[in-house]
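User: Please walk me through how to read the sheet and the domains here.

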Amino acid sequence: MRFNDLDIYNKSLNNIILKSIQKELNKNNFIFSSTVKKLENNLLKKVGSNYSVTTGSGSDSLTLSLLSLNISKEDEVIIPSFSWLSVLESVLIVGAKPIFIDTDLNTFNIDILDLKKKITKKTKAVISTSLFGRTCDLYSIKNILKKKKIILIEDGAQNFGSILKGKNSLNVADISCTSFFPSKNLGAYGDGGAVFSNKKKFIKTIYKLRNHGQSKYSIASTDRPGLNSRIGTIQASILLEKLKKIKSKISKQNILYKRYQNFFLKENIAGFPLYRNSSKIKDSYSSFNIMVKKRNKLISIFNKNKIPFKVYYPRPLYKQYKLKKKIKLKNTEFLCKSIISLPYNDLSKKRFNLVLKKLKKIITKDRKIFFEKKT
Ligand SMILES: Cc1ncc(COP(=O)(O)O)c(C=O)c1O
């Protein structure tokens, strides 16, 4: 058993994907092709925003977004303290000051009250990650930022396909970024990413910045240095096929989340965000993470029982890159010490039942590893 088993899903698409790759091989146009344009258009249809641009990765999408805002050394960018490295990296790359926010333990996303406290006159942007597929509270954040001229960026690398108040989540913030890393909800067979916005000026700038600061094919319009961050045609053709099937993939992932949740609730165990699925809010759960009291003990049992796991994330972002910040955010510190990610994605029924069976045994033997649900 593997932690994140893409075998079943990707193999089921083999024939279709091979055909689409062959078509592109015949055309020999691997960058800026009509297939890339088609992907950008189809993504727009899915997301519903006015503009989209594809990039080389989710990390680049964040960096390009900040570059498009002309953020300078004096500016502050508010970010989660519990998220993937790219969020912090993007701020450091543009040379701005990262301001870290504590985590809400009910959602694993940013703590809105802490965000409110940390806004200053220097705040230029807020990046909020929708972690593990649960969309962060973009509307509350928008409300806080209203009339403040602070740009809200959603890091939607992990929740592609989510709906918030009836809208695709990537159509709510000022700028929305996503990733097509292979294990993401919409995963390529290599790297890729995209940025969405309803404001033309952001996407127009990112269009140039992802291609060394050039307009599509003309060097005449080069005005500032950018990156080489373009998705290739082959990856775009794969994503076009996978986009057609994204709904059923997400619904399978959500079923897995619900099954984990039902299992733990039945055992009276807490420590994970509760599943949301109403007519207005639909999350796209990309992993199942639970806080436990004795993680080291659980890890050694998992190792003995061959249950694959990961720890997302073992360190607060303010402890990365030798920042030497004297910050201690209570919930984030707690989460980094207690969280563990269970096997997910494409698990066959048989393999999933085996995981539950083994978990049941562990709970029966030592409930104290876990947090009890308060009654
Ligand atoms: C929350 C989050 N943000 C950003 C990224 C960056 O995406 P990529 O790997 O495509 O650069 C990831 C990917 O792992 C992620 O999980």
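Analyst: Two strands pair if DSSP finds at least two bridges between them. Strands (E, at least two residues) and helices (H or I, at least four) are DSSP runs, numbered from the N terminus. In this structure, Cys177 stands opposite Val195 in strand 9. Strand 8 (residues 175–179) and strand 9 (residues 193–197) are paired in the antiparallel sense over five bridges. Residues are numbered from 1 along each chain as its sequence is written. This is a predicted model: local features need pLDDT of at least 70, side-chain atom pairs count only at pLDDT 80 or more, and totals for chains, interfaces and linings use all residues.

User: What is the strand order in the open sheet of seven strands?

Analyst: Strands of a sheet pair through backbone hydrogen bonds, either parallel or antiparallel. Here the order is 1-9-8-5-4-2-3, with mixed pairing. Strand 1 (51–55) and strand 3 (97–101) are the edge strands, each pairing on one side only.

User: Which domains does the assignment give for the protein chain?

Analyst: Domain bounds come from an automatic or database domain assignment. For this chain they are domain 1 (7–244) and domain 2 (246–372). Their centres, taken over C-alpha atoms, are separated by 25 Å.

User: How many residues of domain 1 are in contact with domain 2?

Analyst: Two residues are in contact if their C-beta atoms, placed from the backbone, lie within 7 Å. By that rule, 38 residues of domain 1 are in contact with 28 residues of domain 2. On the domain 1 side, helix 5 gives the largest share, four residues.
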